[in-house]
Amino acid sequence: MVPQRSPFAPRRLLAASLALLCALALAACGKDEPAPSGAAVTLGSQNDVPKPAPAAVSEEDILKGTYWPPAKLDGGVARISCEYDYPRFGDGDKLESLDFFSLVDAMSPCQARGVVRVRYQGKIGAGFTALAQRVAAMAARMEIPTRILDIDSSGGHVEEALRAGDSIAESGWAIWVREESVCHSACVLVLAAGDTRSIEGKVGIHRLMRDRSTATSRAELSRELRAINQQVRDYLERNGVATAVSDLMMTVANRDLRILTPDELKQYGLDGTNAAQDDLDRIRLARKCGDDFVRRRESFRRAFDAQCMGTGKSFESMPECAEQLQAKFGFPDKTCPGDSPADLYARDLPPPLLDEVAAAEGGEGKDADAKSADGKPAKSDKAEKSAK
């Protein structure tokens, strides 16, 4: 018996064939369809590996070159000096520009001294941040180890104070607020960053305020300030300053000012040696020079803060005070002669300065006017050693 074929079989076969042909046609056509707008399109060889976007160049790396982007010191006046003794030698020459070669010209005389002092009078802003970064970068190139920021500022932008302060903290600055100078508001954040802080003038604080606040209530104002307040607290903490300073700021209206007393400056960690930097130095020196060296150095630091940096002490006397004091604690040390406390925190005045002072005063300097039997000037011990 012959099996009967279904009358619908050819139709099913035809339908299946048509479906297969349509699928193949659509697949072929799909190759020519444009890619979705969100898909990545690669031109050229498919074997090429995509190159990552170049990383942003940091400010530190930029300043290692000779082309420095334009920057303007428009919020104040800066002067460059190579001397500690400002009553005798003044504040130095005015810095007219922040470009590379202007800094080279201004700071080259400081190489022999090993000291650069920046006298800054004005507001804390982008220009001040550029000044601090660029002087530090040039001092590093010229191997000028002692950097002093001699500041007189009523404040400015908090964000720039934090930026400048972080740069100062990483580049080894001593900060002075000398007699008749002030350091108010945002300047206090800059003061916090110094390795050492010497204060004769007035340091004052008040509430922070955004330049373009949109707050219409206390709650909105609080929300606006919460983020910047946290940044300030973190900043103070990493610089060895009590975060209570931030809390105290919030209690003083922006139009008012609270002058901190000498006891408060010490209590909050704003005067004398920076505690955070001192801890870091101690860790590094313990690895290099041993625990006994560190113990004697810490004893020296306490004596130095009390005797050489106390209120009423003149800044220009600090190097001599440090030199005399360190001998009591066994410095310079034979194990680490290059790490004596006087070298780290208050460099000795170079011999040429002693000669100039003696000549200017017409007096008999310790070495300048010492005469030998034949009437010729006698070299000092330091000069003889350097000549050898």
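**Close-up views of a predicted model**

Of the contacts in the protein with a separation of 6 or more, 71% are between residues 24 or more positions apart. The model shown is predicted.

View 1. The secondary structure comprises 17 helices and 10 strands. The protein has 388 residues, and buried residues make up 40% of them. Its accessible surface is about 22,700 Å², and carbon and sulfur atoms account for 53% of that area.

**View 2. The largest nonpolar core.** This core has 64 residues. The members with the most contacts inside it are Met107, Phe128, Leu131, Leu149, Ile151, Leu189 and Val190. Helix 6 supplies the largest share of the core, 9 residues. Apart from this core lies another one, of 21 residues, and Tyr86, Val294, Ala303 and Met318 are among them.

**View 3. Surroundings of Ile151.** Ile151 is one of the residues with the most contacts inside the largest nonpolar core. When its neighbours within four places in sequence are left aside, Ile151 is in contact with Arg119, Tyr120, Ile124, Phe128, Ile175 and Trp176, and also with Val177, Ser181, Val182, Cys187 and Val190. Phe128 and Val190, two of these partners, are also listed among the residues with the most contacts inside the core.

**View 4. Helix 12 packed against helix 13.** Helix 12 covers residues 275-289 and helix 13 covers residues 291-307. They pack at an angle of about 145 degrees, and their axes are 8 Å apart. The crossing of the two helices is right-handed. On the side of helix 12, the contact is made by Asp278, Asp281, Arg282, Leu285, Ala286 and Cys289. Helix 13 contributes Asp291, Phe293, Val294, Arg297, Glu298 and Arg301. By class, the contact has 5 nonpolar and 7 charged residues, with no polar ones.

**View 5. The loop between helix 6 and strand 4.** Helix 6 spans residues 126-141 and strand 4 spans residues 146-152, with Glu143 in the loop between them. Phi of Glu143 is near 55 degrees, a positive value in a residue other than glycine. Glu143 has a relative accessible area of 66%, which is over 50%, so this residue counts as exposed. Pro145 lies in this loop as well. Pro145 is partly exposed, at a relative accessible area of 45%. Between Pro145 and Trp173 the C-alpha to C-alpha distance is 9.1 Å, with the two residues 28 apart in sequence.

**View 6. Ser185, in the loop between strand 6 and helix 8.** The loop that holds Ser185 runs between strand 6 (182-184) and helix 8 (187-192). Ser185 is not a glycine, yet it has a positive phi of about 55 degrees. Its relative accessibility is 12%, which is under 20%, so Ser185 counts as buried.

**View 7. Asp195 and its contacts.** Asp195 is found in the loop between helix 8 and strand 7 (196-199). With a relative accessible area of 16%, Asp195 is buried. Apart from neighbours within four places in sequence, Asp195 is in contact with Ala169, Gly172, Trp173, Gly272, Thr273, Asn274 and Gln277. Asp195 and Ala276 are 81 residues apart in sequence, and their C-alpha atoms are 8.6 Å apart in space.

**View 8. Ile199 in strand 7.** Ile199 belongs to strand 7. This residue is buried, with a relative accessible area of 8%. Not counting residues up to four places away in sequence, Ile199 touches Val177, Leu191, Leu265, Leu270 and Asp271. For Ile199 and Asp271, the separation is 72 residues in sequence and 6.7 Å from C-alpha to C-alpha.

**View 9. The peptide bond between Phe331 and Pro332.** Phe331 and Pro332 are joined by a cis peptide bond, with omega at about 0 degrees. Pro332 sits in the loop between helix 14 (318-326) and helix 15 (341-345).

**View 10. Glu59 in helix 2.** Helix 2 covers residues 59-62 and includes Glu59. Glu59 is partly exposed, with a relative accessible area of 32%. Pro69 is 10 residues from Glu59 along the chain, and 9.8 Å separates their C-alpha atoms.

How values were computed
Residues numbered from 1 in each chain as written. Predicted model: local features only at pLDDT ≥ 70, side-chain atom pairs only at ≥ 80, totals over all residues. Heavy atoms only, no water. Axes fitted to C-alpha atoms, helices over the stretch in contact; angles between N-to-C directions. Helix = DSSP H or I, 4+ residues; strand = E, 2+ residues; numbered from the N terminus. Left-handed = near helix turned anticlockwise from the far one by under 90°. Contact = heavy atoms within 4.5 Å. Nonpolar A, V, L, I, M, F, W, Y, C, P; charged D, E, K, R; others polar. Buried < 20%, exposed > 50% of the residue type's maximum accessible area, 1.4 Å probe, protein only. Areas by Shrake-Rupley, 256 points an atom, 1.4 Å probe, with all protein chains shown as cover. Core = buried A, V, L, I, M, F, W, Y, C linked by side-chain atoms within 4.5 Å.
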